Amino acid sequence: MKNIYDLTREEMENIFIEIGSKKFHGDQLFSWLYEKRISSYSMVTNIKKEILDEISLMYSIDSLKIVDVQNDKDVSKFLFELFDMEHIEAVLMRHDYGLSLCISSEVGCNMGCQFCESGRRKKVRNLEVHEMVLQILMIENILKERISHVVVMGIGEPFDNYDNLLSFFRIINDPKGLQIGARHITVSTCGIVPKILEFSDFPLQVNLAISLHAPNNSIRDRLMPINKVYSIEKVMDAIDIYIKKTNRRVTFEYILLEGVNDRNEDALELSKLVKDKNCYINLIPYNETNNFGYKRTKPIQIMKFYDILKKNNVNVTIRKEFGSKISAACGQLRSKKEEL
Ligand code: SAH
């Protein structure tokens, strides 16, 4: 059975039309779910019981199970259990500008990046739309606070679950849904070129981030198998088209791995690669995990790398760190759970 949180407002309206009821009831139910936060159809007072019964036979209103929460200063990590006993995680970060939630998009991941914990287990399945929406809704309900920013950077490759991702964006952005502004939503991809191109036509102004992590193909081939399919040149061509069409700034994420991609000449090559693009580079201190040999770059070299980019007129930031103590690096909590 499908879940009611799978539906965009428009889809909900259409369901009511399909069962011979009124379109505006779809709109009403949507408000009950996202504004009044009901947990059962019986709490709806302005739609007839018979109609609700019919809806409830098609769409459950079940939520997910939260089976573990870990807290550290300014960061909390939530482990969710899904109906098929699979696990995903979401990480909440408290910034001075609001609460930001990093959500998962798939169970496991097929991209096989060499440094990433999430990819150690192959993809089991896509997350359904409701499984993405409920990560936000349930955490808001627990905290009794609104989440202002959402990043799709948890477990999974979001562009490998593209259609569900777009419905998810529509629901959380909806003024009658979770009301999260498109500019406060960011999706990160390892560089699935056809989807980057498709995404340039998506009408909501969601931010796009690309996991670059290397200044050339020989390094990127080693770190990210996807590069053998979509090389740096192909990704850059797609990004140029995306920027031209949307007039939006793109973020390149760059994890610094000691002795792998963090040398001065890598910084120089990276500057040349992104020269004249409407973009900025987010340098990410690597969250070390026990399962790979990679080491995080020492702070002094991180600063050196940063300075070289700056000197070459690249917009660059260093990511603020959250949660290395509570294994908040992508996929770590889930890995622990499933290897117990
Ligand atoms: N599949 C998507 C989104 C999930 S990964 C993507 O590749 O962008 C989100 C980001 O976290 C990516 O930039 C990824 O490369 C990075 N990441 C993965 N493991 C990490 C680690 N141990 N430390 C720091 N960043 C990591």
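How many nonpolar, polar and charged residues does the shell around the ligand have? By class, nine are nonpolar, seven are polar and two are charged; here Ala, Val, Leu, Ile, Met, Phe, Trp, Tyr, Cys and Pro count as nonpolar, Asp, Glu, Lys and Arg as charged, and the others, Gly among them, as polar.

## Basis of the model

This is a predicted model, in which local features need pLDDT of at least 70 and side-chain atom pairs count only at pLDDT 80 or more, while totals for chains, interfaces and linings use all residues. Residues are numbered from 1 along each chain as its sequence is written, and side-chain values use heavy atoms, with hydrogens and water left out.

## Ligand surroundings

The ligand has 18 residues around it, of which Glu 157, Ser 188, Ser 211, His 213 and Asn 287 come nearest (a residue is near if one of its heavy atoms lies within 4 Å). At least two residues of this shell come from each of strand E10 (185-189) and strand E12 (250-256); strands (E, at least two residues) and helices (H or I, at least four) are DSSP runs, numbered from the N terminus.

Polar contacts are pairs of N or O atoms within 3.5 Å. The side chain of Glu 157 places an N or O atom 3.0 Å from a nitrogen atom of the ligand, and that of Ser 211 places one 2.6 Å from a ligand oxygen atom. Asn 287 has a backbone N or O atom 2.9 Å from a nitrogen atom of the ligand. On its own the ligand has 530 Å² of accessible area, and the protein covers 94% of it (Shrake-Rupley method, 1.4 Å probe).

## Second largest pocket

The second largest pocket has a volume of about 260 Å³. A pocket is an open set of points on a 1 Å grid where a 1.4 Å probe fits, with protein on both sides within 12 Å along at least five of seven lines; lining residues have an atom within 4 Å of a point. The volume is the space filled by probe spheres set on the points, which are joined across faces, edges and corners.

Fifteen residues line this pocket, and Asn 3, Asp 62, Ser 63, Phe 83 and His 130 lie nearest its centre. Strand E1 (2-3) and helix H4 (129-143) are the elements that give two or more residues to the lining, with H4 giving the most, three. The lining has six nonpolar, four polar and five charged residues. Because domain 1 (2-60) and domain 2 (65-338) both give residues to the lining, the pocket lies between them; the domain bounds come from an automatic or database assignment.

Notes
Polar contact = N/O pair within 3.5 Å; in protein donor to acceptor, adjacent residues only side chain to side chain.
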